Amino acid sequence: MKPHDLESMSTDELWSLHEFVASVLARKISAEKTRLDERLRQLDLGDAPHRVKGMSRSRRPYPRVFPKYKNPTKPSETWAGRGKQPLWLTAQLRSGKRLDDFRIQPSSKRGAALRKVETLTKKKSSRG
């Protein structure tokens, strides 16, 4: 079929051609998928084509991030300072409060480590 033949076809004829092409494609795709699944079974990869033998897809362990800020009206609502600010904090900041007003006072063990990190951060920023 030449391209100019499509121009001379009616809308109904074009739609019928579209449905025919879609059904042939669906049939061929299904047959190809079946063929590929059989080939994967022959290679002994099982039903999970995305999995490669011997490889684990688990995430690496991340260190625990302690909360740095808390909502004074609901102390159970905390924020670690990462990602998007929670709505309660955004509303408080808009009302004129400062972020440091919501800072959690560190416990004795964590406090020493946090002070050490803050001191190192201040030294780096003062250098330049």
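Lys 33 and Asp 37 join their side chains in a salt bridge, with N and O 3.1 Å apart; the term covers a side-chain nitrogen of Lys or Arg within 4 Å of a carboxyl oxygen of Asp or Glu. This is a predicted model, in which local features need pLDDT of at least 70 and side-chain atom pairs count only at pLDDT 80 or more, while totals for chains, interfaces and linings use all residues. Residues are numbered from 1 along each chain as its sequence is written, and side-chain values use heavy atoms, with hydrogens and water left out.

What puts Lys 33 and Asp 37 about one helical turn apart? Both sit in helix H2, and they are 4 residues apart there. Lys 33 is exposed, at 52% relative accessible area, whereas Asp 37 is partly exposed, at 25%. (Buried means under 20% relative accessible area, exposed over 50%, and partly exposed in between, using a 1.4 Å probe and protein chains only.)

Helix H2 also holds the pair Arg 41 and Glu 38, which are 3 residues apart, again about one turn. Their side chains meet in a salt bridge too, at 3.1 Å from N to O. Arg 41 is partly exposed, with 45% relative accessible area, and so is Glu 38, with 39%.

As for the helix itself, H2 covers residues 11–42, which makes 32 residues. Helices here are DSSP runs of H or I with at least four residues, numbered from the N terminus. From first C-alpha to last, H2 reaches 47 Å, close to the expected 46 Å; that expected span is 1.5 Å times one less than the number of residues. Just after H2 comes Asp 44, with a positive phi of about 65°.

The structure has 5 salt bridges. One of them links Arg 98 to Asp 101, whose closest N and O atoms are 3.8 Å apart. Arg 98 is exposed, at 55% relative accessible area, while Asp 101 is partly exposed, at 44%.

Now for the inside. The largest nonpolar core has 5 residues: Tyr 69, Trp 79, Trp 88, Leu 89 and Phe 102. Such a core is a set of buried Ala, Val, Leu, Ile, Met, Phe, Trp, Tyr and Cys residues joined through side-chain atoms within 4.5 Å. In soluble globular proteins, nonpolar side chains tend to be buried together. Leaving out residues up to four places away in sequence, Tyr 69 touches several residues, including Trp 79, Trp 88, Phe 102, Gly 81 and Ile 104, where contact means heavy atoms within 4.5 Å.

Key:
Helix = DSSP H or I, 4+ residues; strand = E, 2+ residues; numbered from the N terminus.
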